[in-house]
Amino acid sequence: MKIALAILFFITTNCFAQNDSIHKNKDLKDTTIYDLVAVQEKPSFPGGTPEMMLFLNNNIHIQERYQTKVVVSFIVETDGAITNVKMYKGDNSCYECNKEAIRVVKKMPKWLPGKNNGTPVRVSYILPIMIRG
């Protein structure tokens, strides 16, 4: 009889512990990073692409005369913040261009976040930038 009670107590305790962890998991924040093509609503710069181009043109400043294209990757967070800014494809002959592109992307205002089923999600974004100095 004592063995049956001990087993019953063990099973009941484990069931409650598992149910408790299931409820806790519902409260966890989704940290998945989605590719741009995998979201229903894509993230966007406030005012759209024309405003983003204007922002880039007004904020990128390099000392030397140079024309190149660099590609920067970053994450648009659920609140629109830009994080994890990295050089995806830089110009090896213009380190200043690479550095400046990263600086300006980090300076961007919050974007309108990407969404799936109406819920904001983290989205990976790759942005080509033309630099003319």
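Trainee: Which residues of helix 3 are buried?
Mentor: In this predicted model, they are Cys97, Asn98, Glu100, Ala101, Ile102, Val104 and Val105.

Trainee: And what do those pack against?
Mentor: Those buried residues of helix 3 pack against helix 2 (49–59) and against strand 2 (67–76), strand 3 (82–89) and strand 5 (119–132).

Trainee: What should helix 3 span, going by its residues?
Mentor: Helix 3 runs over residues 95–107, so at 1.5 Å a residue its 13 residues should span 18 Å. The end C-alpha atoms are 19 Å apart, which agrees.

Trainee: Switching to the largest nonpolar core, which residues touch the most other members?
Mentor: Out of 24 residues, those are Leu56, Phe74, Val105, Met108, Trp111, Leu127 and Ile129. Helix 2, strand 2, strand 3, helix 3 and strand 5 each supply at least two residues of this core, and the largest share, 5 residues, comes from helix 3.

Trainee: What does Phe74 touch, leaving out residues up to four places away in sequence?
Mentor: Phe74's contacts include Ile82, Val85, Val105, Trp111, Val123, Tyr125 and Leu127. Thr83, Asn84 and Ser124 are also among them.

Trainee: New topic: how much space lies in the largest pocket?
Mentor: About 170 Å³.

Trainee: Which residues line that pocket?
Mentor: Met53, Leu56, Asn57, Ile60, Ile129, Met130, Ile131 and Arg132. By class, the lining has 6 nonpolar, 1 polar and 1 charged residues.

Trainee: Which element gives the most to that lining?
Mentor: Strand 5 does, with 4 residues. Helix 2 also supplies at least two.

Definitions and conventions. Residues are numbered from 1 along each chain as its sequence is written. This is a predicted model: local features need pLDDT of at least 70, side-chain atom pairs count only at pLDDT 80 or more; totals for chains, interfaces and linings use all residues. Side-chain values use heavy atoms; hydrogens and water are left out. The expected span of a helix is 1.5 Å times one less than its number of residues. Buried means under 20% relative accessible area, exposed over 50%, partly exposed in between (1.4 Å probe, protein chains only). Contact means heavy atoms within 4.5 Å. A nonpolar core is a set of buried Ala, Val, Leu, Ile, Met, Phe, Trp, Tyr and Cys residues joined through side-chain atoms within 4.5 Å. On a 1 Å grid over the protein atoms alone, a cavity is a set of points where a 1.4 Å probe fits but cannot get out, and a pocket is an open set with protein on both sides within 12 Å along at least five of seven lines; lining residues have an atom within 4 Å of a point. Grid points are joined across faces, edges and corners, and a volume is the space filled by probe spheres set on the points. Ala, Val, Leu, Ile, Met, Phe, Trp, Tyr, Cys and Pro count as nonpolar, Asp, Glu, Lys and Arg as charged, and the others, Gly among them, as polar.
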